[in-house]
Every structure is written in C-alpha cells, then in structure tokens.
Amino acid sequence: MAYLLNKLVTLALFLGSIQALNNGLGLTPAMGWNSWNKYGCNINEQVIKSNAKRMLDLGLDRLGYKYLNIDDCWLLANRDANNHIIVDPIKFPKGMKEMGDFLHSQGLKFGLYNSAGTMTCQRLAGGLTYEQVDALDYASWGVDYFKYDNCYNLDLPGPMRYNAMRDALAKSGRQVYYSLCSWGTDDVWQWGNQTGNSWRTTGDIRNEWKSVVSNYQTNDLHPESAGPGGWNDPDMLEIGNGGLSDSEERSHFALWAFAKAPLIIGCDLTSVKTSSLNILKNKNLIAINQDPLGLQATCILNCVSDIHVIGAQQNGYFAAMVMNWNDDLPQAITLDFALMGASTSINAACKVTDLWSNQPIGTFVGFLNTPVIQPHDNTAYKIVCDAAQ
Ligand SMILES: *[C@@H]1O[C@H](CO)[C@@H](O)[C@H](O)[C@H]1NC(C)=O
C-alpha cells in the first residue's frame with residue numbers, strides 16, 4: 001500500500017513537474033574531482049587544497065577537469081539556532097566561503113554535497129525541508145556544483161525531494177550544476193533530465209572491476225534520457241585507487257567517456273601513478289565525452305556476445321570502442337562499418353585512428369579486423385568514412 005501510494009505520488013509529481021531544469025549548465029558532462037572514493041570522511045582543508053593544487057600542476061584543469069567537489073563529512077550533525085548548516089570547525093576552520101574563494105582564485109569551480117533526507121549518509125545534517133536556507137548559504141559560499149544524495153529520505157518520492165532543491169538553487173540566483181545522487185531509484189530516467197544536470201543510475205561504485213561492469217551496464221539502459229543539459233551518471237571514477245588492472249582502468253575510462261558520463265576523478269592526485277594519470281588525460285576520449293552532440297554510446301554490433309562494439313556518431317566523425325568483457329579469453333572481431341552505422345554504404349573507404357595510441361592506422365574499405373584484445377581491455381577508434389565511390 002505504501003509502495004503503491006509512493007508510486008502514485010511519484011507519477012502525479014512527474015506529470016505535474018511544471019518547471020524543467022533550465023540552468024544553462026551541463027551542456028557536456030561535468031569533469032572534475034571528488035573526495036569520496038579515496039578519502040571518505042577523512043577530509044580537511046589541506047586534503048582538498050592539496051588535490052586542487054595538483055589539478056593545476058598536472059594540467060588536468062586545462063583538459064576540462066574544473067570542478068573540485070567536497071563530498072560528505074564537511075558539516076556537523078546539528079544546525080545552528082537559525083537552521084543554518086554548521087561547517088565542521090576542525091576539518092575546515094576557515095569555513096566554506098574561504099574555500100570557494102580559494103578554488104575560484106585557482107580557476108577551479110567549487111562543489112559541495114548533502115543528502116535529500118533528514119541526514120547525510122554519514123548521519124550529518126541533511127537537506128530535506130531546509131532547501132531554501134541551504135541554497136542561499138551555498139550561493140553565498142560560491143558553490144558551483146551540488147551533489148544531492150539519497151540517504152534518510154523518509155521514503156518520500158524522489159521527484160518531490162529533488163525538485164525542491166532544484167527550485168531553491170534556481171531562486172538563489174547562482175548557476176549551480178545539480179548532480180542527483182538518487183541511485184537509480186524512483187525511475188529517475190523518466191524525470192532526471194527535468195530536475196538535474198546528471199542523475200545517478202546506480203548504487204555506489206566500488207573499487208573493483210565487477211562493480212565497474214555492473215554500473216556501466218545499468219547506466220546503459222536508458223540512453224534516450226541523456227543529452228546536452230542532463231546526463232546518466234554511473235558514479236565517479238576509481239582510476240588510480242589501485243583496485244583495477246591497467247586494462248581495467250583503460251576500459252573504465254573509455255566506457256565512461258563513450259557513455260557521456262560525468263568524469264569525476266576519485267583518487268589522490270598528490271600520489272597518482274603515471275599510467276593512471278595518462279588514462280585520465282587521454283584527449284581523444286575526453287573529446288568524445290565532451291562532444292557537442294552529446295549522444296550516449298550504446299552497443300551497436302555483436303551485442304549478444306561478450307565482445308561488444310560500443311559506439312555513436314560524434315560531431316564530424318564516428319567513434320567506436322571494442323570491449324572484451326570476457327574474464328579469460330583474448331578475442332578479436334571484425335568491424336563492419338556499414339553494419340555498425342559508421343558508413344552509409346558497404347564499400348565506403350574509412351580512415352581509422354586509434355584513440356589510445358593517437359596514431360592513424362590506415363584507410364579500410366568496408367571493414368577492419370581488430371587486433372587481439374586482452375580480457376577486460378578495449379580498443380577505441382575514430383572513424384571517418386568517405387561517401388561510397
Ligand atoms: C528526457 O528523458 C525522457 C525520458 O527518457 C526522454 O523521452 C526525453 O527525450 C529526454 N529529454 C531530453 C531533452 O533529452
């Protein structure tokens with residue numbers, strides 16, 4: 001009964017969801033860094049600022065990684081007498097306005113976190129019913145990105161809770177990228193793009209390949225919801241956190257880039273190893289992620305096997321990656337350009353560039369045989385086809 005009621009309220013709110021999100025942000029997926037995957041609650045001013053400085057030193061900001069996002073544990077459990085959130089005075093003694101000013105002085109953008117419930121997931125002061133006062137505080141601190149989690153939500157419908165914050169942020173007068181972290185609940189693919197600039201389609205990612213695969217696959221179910229202004233979000237990156245092999249880190253990044261997922265780095269940038277950093281800095285994959293057409297790639301060829309061709313049209317070229325999901329077997333496959341939608345004719349000549357080596361690998365008529373791809377690894381190509389002769 002409670003379940004049915006919840007469904008009905010969700011439906012009514014969805015049908016009556018008058019106000020579309022129209023904040024001018026998220027025309028391409030957000031790129032940045034977030035504290036949670038590496039640090040959890042072990043954050044403070046030094047941790048955040050040292051990672052922010054490394055974003056600049058490593059040149060990540062110039063590649064598009066602009067948002068520096070503080071996740072849970074920046075605040076206390078109780079509010080002050082006037083219902084304002086209290087910033088944790090031990091972790092952030094200078095407060096959040098100073099943090100916002102610092103990040104902006106570095107050319108970065110400032111992201112903050114709360115939950116659309118009575119408490120955050122770590123049982124600190126939640127945002128539910130305090131949307132107006134919080135949105136004004138965030139605006140006064142210079143917040144540019146707001147992640148809203150789903151803990152302690154009293155089973156109230158997602159659209160109601162998330163729209164309340166959307167409208168409060170809009171009223172604050174500040175442009176804030178709004179990241180819904182509702183774990184794929186309440187059929188978020190139906191209303192997420194009216195509410196936020198991205199919406200989580202899954203539970204939290206874990207630092208292991210199985211979780212990367214499962215989050216990717218769930219996130220792949222509703223590509224029609226995504227586009228410029230709003231994106232499906234399979235959660236933040238685990239690259240650099242040590243739980244994935246080099247092949248798996250490459251595939252994690254390529255899958256997220258092709259899916260037009262927000263690219264939010266989640267490792268310690270002060271000690272990230274070079275191989276992980278080079279993956280995060282792949283300009284070809286970043287260009288696909290940030291492509292203005294904003295088409296979420298899906299499986300386009302060989303989709304009943306465990307070696308998939310995943311691809312989509314980009315602005316001026318076709319992009320395809322071949323993903324070997326198999327746990328043990330190296331595999332190769334033939335890419336038929338017409339079958340996969342890269343060309344309109346079976347005898348078109350297609351110029352192919354390898355997106356990992358950044359080298360042209362030749363011009364092929366009709367098809368290309370890939371090299372052998374190792375388990376959990378991928379190849380990725382830019383394909384430009386001439387009209388058929
Ligand atoms: C928003 O999502 C709905 C439901 O998936 C979809 O039909 C619609 O085209 C999407 N709107 C945009 C602008 O992408």
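**The disulfides**

Guide: Start with cysteine 350 and cysteine 385, which are joined by a disulfide, with 2.1 Å from S to S. A disulfide here is a pair of cysteine sulfur atoms within 2.5 Å. The model is predicted, so local features need pLDDT of at least 70 and side-chain atom pairs count only at pLDDT 80 or more, while totals for chains, interfaces and linings use all residues. Residues are numbered from 1 along each chain as its sequence is written, and side-chain values use heavy atoms, leaving out hydrogens and water.

Back to that link. The torsion about the S-S bond of cysteine 350 and cysteine 385 is about 105°, so this disulfide is right-handed. Cysteine 350 sits in strand S15 (residues 349–354) and cysteine 385 in strand S18 (residues 378–385), so the pair ties together parts 35 residues apart in sequence. Helices (H or I, at least four residues) and strands (E, at least two) are DSSP runs, numbered from the N terminus. Cysteine 350 is buried, at 0% relative accessible area. Cysteine 385 is partly exposed, at 22%. Buried means under 20% relative accessible area, exposed over 50%, and partly exposed in between (1.4 Å probe, protein chains only).

The structure holds four disulfides. Among them is the one between cysteine 41 and cysteine 73, with sulfur atoms 1.7 Å apart. Cysteine 41 lies in the loop between helix H2 (36–39) and helix H3 (45–57), and cysteine 73 in the loop between strand S2 (67–69) and strand S3 (75–79), so the pair ties together parts 32 residues apart in sequence. Cysteine 41 is partly exposed at 25%, whereas cysteine 73 is buried at 1%.

Another joins cysteine 121 to cysteine 151, at 2.0 Å from S to S. With 95° about the S-S bond, the link of cysteine 121 and cysteine 151 is right-handed. Cysteine 121 is in the loop between strand S5 (109–115) and helix H5 (131–141), and cysteine 151 in the loop between strand S6 (145–149) and helix H6 (158–172), 30 residues apart. Cysteine 121 is partly exposed at 23%. Cysteine 151 is buried at 13%.

Number the bonded cysteines in sequence order, and the pairing reads 1-2, 3-4, 5-6, 7-8. Cysteine 181 is in no disulfide: the nearest cysteine sulfur, in cysteine 121, is 6.9 Å away. Cysteine 181 is buried at 1%. The sulfur of cysteine 267 is 19 Å from the closest cysteine sulfur, that of cysteine 41, too far for a bond. Cysteine 267 is buried at 0%.
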